[in-house]
Amino acid sequence: MRDAPFAFVAETANRLVLQAVNGPARAAGVAAGLSLADARAICPQLLTHPAEPRAHARALTALARVMEQFSPLIAYDAPDGLFADMSGVAHLFGGETALLARVTGRLERFGLCVRAALADTPGAAHALARYGSGCTLVDVGAHRAALASLPVAALRVSDEVAQSCRRLGLQTIGDLIPLQRSALAARFGLETVNRLDQALGHAAEPLRYIRFVPPLRETLAFAEPIGRTDDVERALTHLLERLCVRLEREDKGLRLVSFTIERVDSGLQTVTITTSRPNRSPAALFRLFRDRLDGLDAGFGIERVHLEAERCEPLAAVQVKGLERFQAKWKPVRRRKRDQQKTTRANSVSVESEFAQVDKNGQASTADDDLIDRLVNRFGHDRVLRLAPAESHLPERAWVAFSAAVASLHPAWSAPPTPRPLRLLARPHPLKAEDNADHRRPPAAISWDGRVARLTPLAGPERIEPEWWRDDPAWRSGARDYWWVRADDGLRPSGPHPDGLRLWLFRVGAEDAWGAWFLHGFGE
Amino acid sequence: MATNTLGRELKTWLRGMTASQTMDALRMSVRAIEVGEAECLRTLSFGSAQADEIFGRTILCGRTHEIGGSAATLFAALVLGRCEGPTLWCAREGAPSALYPPGLVQAGFDPGRLVLVRLRAADDLLHAAHAGLRAGWHVVLERAKPFDLSAARRLQLACEAGGGLCFVLAFGELNAAALLPSATTRWQAAVAGGALWPRALRLKLHLLRNRTGLPGQWTVEWDYGSRSFSMVSASCDRPADTPRAVLA
């Protein structure tokens with residue numbers, strides 16, 4: 001593959017165009033920007049592969065990490081290059097020639113076709129790397145002469161500008177240099193002049209250097225494989241402490257953490273926990289993990305464990321001193337505690353008891369959040385719920401449940417204008433009306449599972465219309481007339497409610513076509 | 001000097017509280033002086049002196065209470081509506097009827113303080129209730145099966161450790177073999193009369209078992225407006241034409 005002509009192909013404007021070519025392909029006379037048909041005509045044995053921009057970007061990031069060993073300042077030269085600032089670095093590698101050889105050698109070991117240039121300005125280095133002889137070293141101050149023979153396209157100008165330059169007979173950068181700046185700007189735009197100046201070193205070119213953030217990840221490897229629960233717990237505690245110390249330095253708290261064990265048979269198992277608020281208390285996090293460790297299978301032993309912070313949020317430390325005496329005795333009101341935290345700020349985090357950790361909303365993680373986290377991690381987000389009112393007049397839709405881990409929501413409830421049941425049936429239960437003389441009123445008696453109860457109407461009817469903008473199967477039968485009735489003790493024998501009951505009934509239908517009665521809820 | 005400091009701190013502490021919280025706190029500190037710190041349990045206020053006298057001494061925080069009867073959910077909601085603090089409601093998934101939050105609002109209980117745990121397995125529900133109690137929350141546990149002795153004892157210990165209220169709602173027939181052997185009180189609640197929100201509601205309460213006193217039977221009235229209980233005399237339900245002589 002390294003010795004065969006190869007190219008990446010991408011589709012632009014309905015034709016396949018070569019995006020990047022390797023050395024042998026270049027030697028065969030194929031260049032990037034050529035259409036695939038033309039390239040095949042020039043070099044029939046050309047191998048191609050569709051371009052994968054994401055994979056290329058990832059690879060570039062990886063190469064940037066590799067380049068870190070040569071220079072602390074690395075910047076992207078998208079899509080296919082990297083800038084490395086070599087100021088004051090070369091002597092460490094034995095001079096510029098040796099440095100350049102070392103860089104290309106290092107990268108070629110990955111099987112890459114490397115084109116490198118070392119010059120005074122980023123613009124010159126870019127141009128020489130792409131249009132130079134492959135590996136170019138330009139002495140200090142010599143870049144002007146080196147650039148003069150390169151084509152205008154090397155200046156990082158648009159294709160149109162390069163083309164019109166060619167049409168005007170301006171083949172090389174050397175042709176552009178003696179021209180008047182104002183004329184150049186008037187014809188090709190300020191961008192071209194700027195690029196020329198940057199390449200020559202007359203204009204500054206700030207680069208955006210990449211900042212590598214070390215991942216928040218802790219690893220522990222064992223000399224002998226471990227298998228006992230105690231050992232795993234101890235390892236986890238150790239990792240949590242290390243991670244939390246790092247988080248404290250960065251004023252961050254964990255939202256999503258995963259704990260991975262690597263077994264001797266190279267099996268991986270991961271336990272992930274979430275928290276409702278950013279948290280960096282090792283003890284609380286350990287409690288969340290402990291419930292889940294039972295699910296892990298150590299197999300023949302565990303030889304390495306990892307702890308990785310998958311999502312973090314800001315968590316500042318703020319002083320909350322002053323009320324310990326009463327806090328120990330009585331639970332303080334939460335609102336009050338929060339006010340205190342807002343007013344007093346501290347710049348040290350050494351004494352745990354005097355400080356609370358507040359997230360970006362100024363809210364502290366409390367024992368309540370700790371409980372919710374534990375329940376959510378054990379039973380799942382869809383089992384531990386907070387309730388919020390919803391804008392609907394249909395009884396079933398008057399409220400919504402959301403995961404209790406979403407802590408920022410504190411809905412305000414207001415009482416509905418008409419009496420509502422305290423318990424609602426999951427689906428309305430059909431009732432058999434025993435004696436329904438007056439069709440506009442509830443029946444005098446109903447039978448339910450063979451037992452008969454006498455009813456006394458309390459209130460009604462309350463008509464509830466379906467929401468026409470929504471197709472709800474339960475409401476397809478049309479509007480409902482709701483009644484409150486009181487059932488006597490007839491349901492006593494083995495039913496769940498031995499005493500009299502207030503029931504919430506409804507019936508569908510209208511004057512000419514009465515439907516059946518249904519039970520929908522209980523008043524108590 | 002020390003008393004002065006304490007007084008000042010107490011004042012600062014009380015400033016951030018609502019009236020009912022202040023009353024609760026003061027009542028608790030008075031009780032602490034009366035019976036000594038160890039015996040002190042948080043007591044609730046029920047809105048009237050008579051009701052406090054009866055329920056304040058039976059429905060204690062840090063103790064488990066079992067409620068049966070048709071109005072079990074309602075009674076638990078009304079009592080919890082009178083006290084502050086987050087509440088964990090452990091509901092059985094797949095039960096025929098489920099808690100309906102707008103009804104809770106009408107009963108004077110703010111669903112905003114509620115965290116609802118919906119689980120199918122009774123053991124998981126018990127685990128959730130334990131965790132809630134240990135964290136000091138009020139817990140309501142819906143239960144259809146009786147507890148075994150050790151589970152009941154563990155629930156009681158968790159409740160004592162946290163200091164919250166624990167209500168076990170008994171679904172199914174409440175009979176001699178009750179669900180929670182360790183319960184401090186066992187109630188049977190039913191609605192008397194047919195008043196609907198927002199008219200005052202009457203509850204028939206039967207205290208079947210009381211570890212701290214005598215059992216009893218009362219009719220109480222719940223006022224939706226002031227969210228308070230008041231005691232109703234036994235003769236309240238007589239028909240309008242009952243002769244005086246019969247009453248005497």
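Helix H6 of chain B and helix H7 (residues 149-162) of chain B pack with their axes 7 Å apart and at an angle of about 25°. Axes are lines fitted to C-alpha atoms, for helices over the stretch in contact, and angles run from 0 to 180 degrees between N-to-C directions. The model is predicted: local features need pLDDT of at least 70 and side-chain atom pairs count only at pLDDT 80 or more, while totals for chains, interfaces and linings use all residues. Residues are numbered from 1 along each chain as its sequence is written, and chains are lettered from A and ligands numbered from 1 in the order in which they are written.

## Helix pairs

Helices (H or I, at least four residues) and strands (E, at least two) are DSSP runs, numbered from the N terminus. Two helix pairs are set out below.

| Helix pair | Angle | Axis separation |
|---|---|---|
| H6(B) and H7(B) | about 25° | 7 Å |
| H5(A) and H10(A) | about 95° | 5 Å |

H6(B) and H7(B) are therefore roughly parallel to each other; angles under 35 degrees count as roughly parallel, over 145 as roughly antiparallel, 65 to 115 as roughly perpendicular and the rest as oblique. H6(B) contributes B:Leu126, B:Ala129, B:His130, B:Leu133 and B:Arg134 to this contact, and H7(B) contributes B:Ala151, B:Arg154, B:Leu155, B:Ala158, B:Cys159, B:Ala161 and B:Gly162. Residues are in contact if their C-beta atoms, placed from the backbone, lie within 7 Å. The contact of H6(B) with H7(B) comprises 8 nonpolar, 2 polar and 2 charged residues. In this classification Ala, Val, Leu, Ile, Met, Phe, Trp, Tyr, Cys and Pro count as nonpolar, Asp, Glu, Lys and Arg as charged, and the others, Gly among them, as polar.

H5(A) and H10(A) are therefore roughly perpendicular to each other. Here A:Gly123, A:Ala124 and A:Ala127 of H5(A) meet A:Arg195, A:Gln198 and A:Ala199 of H10(A), a contact with 3 nonpolar, 2 polar and 1 charged residues.

## The enclosed helix of chain A

Helix H5 (residues 122-131) of chain A has 8 of its 10 residues buried, so it is largely enclosed by the rest of the structure. A residue is buried if 20 or more other C-beta atoms lie within 10 Å of its own, exposed if 12 or fewer, and partly exposed in between, with C-beta atoms placed from the backbone. The buried residues of H5(A) are A:Pro122, A:Gly123, A:Ala124, A:Ala125, A:His126, A:Ala127, A:Leu128 and A:Ala129. Their cover includes strands S4 (74-77), S5 (81-84), S6 (116-118) and S7 (135-137) of chain A, together with helices H6 (143-148) and H10 (190-200) of chain A.

By contrast, A:Gln163, in helix H7 (residues 159-167) of chain A, is partly exposed, with 13 other C-beta atoms within 10 Å.

Chain B contains 8 helices and 10 strands, and 42% of its 248 residues count as buried. Of the contacts in chain B between residues at least 6 apart in sequence, 67% join residues at least 24 apart.

The contact between the chains takes 53 residues from chain A and 48 residues from chain B. Elements giving two or more residues to the chain B side include helix H4 (72-82), strand S4 (114-119) and helix H6 (122-134) of chain B. The residues on that side divide into 31 nonpolar, 12 polar and 5 charged.

An open sheet of 11 strands with mixed pairing runs in the order S14(A)-S13(A)-S4(B)-S2(B)-S5(B)-S6(B)-S1(B)-S7(B)-S8(B)-S9(B)-S10(B). Its edge strands, each pairing on one side only, are S14 (399-403) of chain A and S10 (228-232) of chain B. Neighbouring strands are turned by 30° against each other on average, direction ignored. Strands pair if DSSP finds at least two bridges between them.

Strand S13 (residues 384-389) of chain A runs antiparallel to S4(B), joined to that strand by 2 bridges, and A:Val384 stands opposite B:Val117. Strands S2 (residues 87-92) and S5 (residues 138-143) of chain B pair in the parallel sense over 4 bridges, with B:Thr87 opposite B:His138. H6(B) packs on the sheet, touching S2, S4, S5 and S6 (166-170) of chain B, and the direction of H6(B) makes about 175° with that of S2(B).

## Nonpolar cores

A nonpolar core is a set of buried Ala, Val, Leu, Ile, Met, Phe, Trp, Tyr and Cys residues joined through C-beta atoms within 7 Å. In the largest core, of 93 residues, those touching the most other members are B:Phe75, B:Ala76, B:Cys90, B:Val117 and B:Ala189. H4(B) gives the most to this core, with 8 residues. A second, separate core of 25 residues includes A:Ala116, A:Leu118, A:Ala154 and A:Cys165.

Leaving aside neighbours within four places in sequence, the contacts of B:Ala189 are B:Ile67, B:Gly69, B:Ala71, B:Ala72, B:Leu74, B:Phe75, B:Leu203 and B:Leu205.

Technical notes. Two residues are in contact if their C-beta atoms, placed from the backbone, lie within 7 Å.
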